[in-house]
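The paragraphs below take up confidence, then architecture, then packing.

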Amino acid sequence: MQIPNFPECDHEIVQSLFHLNDQELVSLFKRHPGSGRYFTAIFCRYSPIVYSLIRHSARSPVQADYLFALTWRHILHELGGLDWLDVAPEPQDPENHAKQATEGQRPASLQSWIINVTALCINQAAIPDVESIHYSIQEASPPFWCYVEQALDQLPPVERLIVLMSRTFRWSETRIAAYLQAEGEQISPAEVRERLQVAYRNLEAVLPQDIRAIYLGEWAELQPMADLSDDSLDSLLAVPDLMTATSDRELS
């Protein structure tokens, strides 16, 4: 079994954190909720263990990649509530930790906690058939997938739809306006153009700058979102499965 290669693990922002122990990374993650580097560093440290456990239990590589992303999204959501940590090395076999998780034993370190969460996701997640999965780990590494999802969720509903329809579905401003008017939003094509620029600024404000730097390049940390090239915006928004789930939400 081959563990996927995650280029973010070689990024200087992430590598600068490798000397920190687990307790320090979790503490910094909690103290700096607007930064994505600490979660990304934890991901790089423990992704081989998590992927190995999931790949051994999944029926196909496609389902394994999808469950891998869902598991790290769950880890991100739960990590803020982690209030204990023993950073001592753990010699036990990871699969034994997964067995302990199903028996209700309390883990004593970040590694065993992550393995427990992984075991719960393996046992409880409802994974669709391969034909229904469009997520690609090569297009959207789990940390990037998680933070783009969070950023989009923080946009006002109409702005979120305008961004997705413009950049993901390539709809014209006229078509977007017609769709929104059919949904009860009185908006003209010119107003769609204006709202799109506002949405870019809002997306820039909520997407962590270090995530932009790690996944979109160092220059993106300083360049306004509305001025990014089409290719860069496509990379930012082309997150399979996330797009479908987001575009299906209610307008209010």
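The mean pLDDT of the protein chain, that is, the predictor's confidence in each residue from 0 to 100, is 82, and 76% of its residues reach 70 or more. Over residues 86-92 the pLDDT is below 50, and beyond near neighbours in sequence this stretch has 11 contacts in the model, a contact being heavy atoms within 4.5 Å. The pLDDT is also below 50 over residues 97-106, a stretch with 14 contacts beyond near neighbours in sequence. Where pLDDT is low, the predicted coordinates should not be read in detail.

This is a predicted model, in which local features need pLDDT of at least 70 and side-chain atom pairs count only at pLDDT 80 or more, while totals for chains, interfaces and linings use all residues. Residues are numbered from 1 along each chain as its sequence is written, and side-chain values use heavy atoms, with hydrogens and water left out.

The protein chain has 13 helices and zero strands; helices (H or I, at least four residues) and strands (E, at least two) are DSSP runs, numbered from the N terminus. Of its 252 residues, 49% count as buried, meaning under 20% relative accessible area with a 1.4 Å probe, protein chains only.

What does Trp-72 touch, residues up to four places away in sequence not being counted? Its partners include Phe-39, Ile-42, Tyr-46, Ile-114 and Cys-146. Trp-72 is also one of the residues that touch the most other members of the largest nonpolar core, which has 57 residues. Such a core is a set of buried Ala, Val, Leu, Ile, Met, Phe, Trp, Tyr and Cys residues joined through side-chain atoms within 4.5 Å.

Note on methods: Buried < 20%, exposed > 50% of the residue type's maximum accessible area, 1.4 Å probe, protein only.
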